[in-house]
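Visitor: I am new to this structure. Could you walk me through it and tell me how each description is reached?
Guide: Gladly. Let us look together.

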Amino acid sequence: MIEFLAMGGHAPYVWGSYGVALLAMVVEMVLLRQRRKAVNRRLARLARLNGEEGGATSPDV
Amino acid sequence: MAEQRVQWFKFASPPNFYDLAGRLAPWFGGLAAILFVVGLYIGFILAPPDYQQGNSYRIMFIHVPTAWMSMFLYVLMAVYAAIGLIWRVKTAEVMAKAIAPTGAMFAFLCLWSGALWGKPTWGTYWVWDARLTSQLILLFLYLGYMALHAAIEDRQRAANASAILALAGVVNVPIIYFSVVWWNTLHQGASITVTSAPTMETVMFVALLVMTFACWMYAIAVVLWRARLELLERERRAAWVLERTGEKA
């Protein structure tokens, strides 16, 4: 196991490559999740506003 | 034939695209996770160390797929941008914009893993040779595209201007690809047919292929997810969005 992790002395290079790749993908997914929450909040606010106006929705599709 | 065409155009309408993307994205994401596990297993457990480079060559299984993805995605982004520019297809504009961050991420990962591979192999993290420089330009093209999109307030003008930038930048993709042939580069040429023991070659090639598919599936899942959010933001006042407001994006 130790031998495997050492990568024949190339551990920093090998794990540095894969570690940053994993990190980048995780960060991308976290950012998307945050954006989804922000969009949902915004849409919920819009829906509330529309509700107060008597359910009128703008016709532009 | 005509009916089929209608079917395809149907998916270009924002609500249909939104629903379809929402159904498909989790499958692509799940497939990506499985393929990454399989690819890493083949690449790290089954594939033996390289007779010359030892274990540092295993960086190839992330370096090469990310390099391919950064180029494929750029061309795909330019195609969507062109469709948006010429035919005013809203979902195509959204797709072009949604591809850019993921493409930039792959371009960065390619450069990063390349630098970490270069150090033990060439003795340097970076060298200004044609392959490395043109790949760095690709990253800047992605970033420029995103910056231009963000800098222009009007959505339509932002889409048009950045589409032209994306199209002009396509010229860089064949330059990257053929740079190792056209110029004398420190970077090696295409090595899919690298000559060593054939059994080794096969298992390495399979690992590379599986990792490439994994990156593709990941990219599709993430891009569809981002395109859905982009559509919701753009169309937030449209009836179809209001109909789906209660539902999670």
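Guide: Please keep in mind that this is a predicted model. To begin, buried residues make up 13% of the 61 residues in chain A.

Visitor: What makes a residue in chain A count as buried?
Guide: A residue is buried if 20 or more other C-beta atoms lie within 10 Å of its own. In chain A, 13% of the 61 residues pass that test. As for its elements, chain A has 2 helices and 0 strands.

Visitor: How many residues does each chain bring to the contact between them?
Guide: Chain A gives 28 residues and chain B gives 34 residues. On the side of chain A that touches chain B, 15 are nonpolar, 8 are polar and 5 are charged.

Visitor: Let us turn to chain B. How do you know that the length of helix 3 of chain B agrees with its number of residues?
Guide: Helix 3 of chain B holds 28 residues, 60–87, and at 1.5 Å a residue it should span 40 Å. The expected span uses one less than the number of residues. The end C-alpha atoms of helix 3 of chain B are 40 Å apart, so the two values agree. After this helix comes Arg88(B), with a positive phi near 55°.

Visitor: Why are helix 3 of chain B and helix 7 of chain B called roughly antiparallel?
Guide: They pack at an angle of about 160°, and their axes are 10 Å apart. Angles over 145 degrees count as roughly antiparallel, and therefore the pair gets that name. Their crossing is left-handed. Helix 3 of chain B brings Met71(B), Tyr74(B) and Val75(B) to the contact, while helix 7 of chain B, residues 172–182, brings Val173(B), Ile176(B) and Tyr177(B).

Visitor: What classes of residue make up that contact of helix 3 of chain B with helix 7 of chain B?
Guide: It has 6 nonpolar residues, with no polar and no charged ones.

Visitor: Which residues of helix 3 of chain B meet helix 6 of chain B?
Guide: Among them are Met77(B), Ala78(B) and Gly84(B), and the partners in helix 6 of chain B include Asn160(B) and Leu167(B).

Conventions:
Residues numbered from 1 in each chain as written. Chains lettered and ligands numbered in written order. Predicted model: local features only at pLDDT ≥ 70, side-chain atom pairs only at ≥ 80, totals over all residues. Contact = placed C-beta atoms within 7 Å. Nonpolar A, V, L, I, M, F, W, Y, C, P; charged D, E, K, R; others polar. Helix = DSSP H or I, 4+ residues; strand = E, 2+ residues; numbered from the N terminus. Axes fitted to C-alpha atoms, helices over the stretch in contact; angles between N-to-C directions. Parallel < 35°, antiparallel > 145°, perpendicular 65-115°, else oblique. Left-handed = near helix turned anticlockwise from the far one by under 90°. Buried ≥ 20, exposed ≤ 12 C-beta atoms within 10 Å, placed from the backbone.
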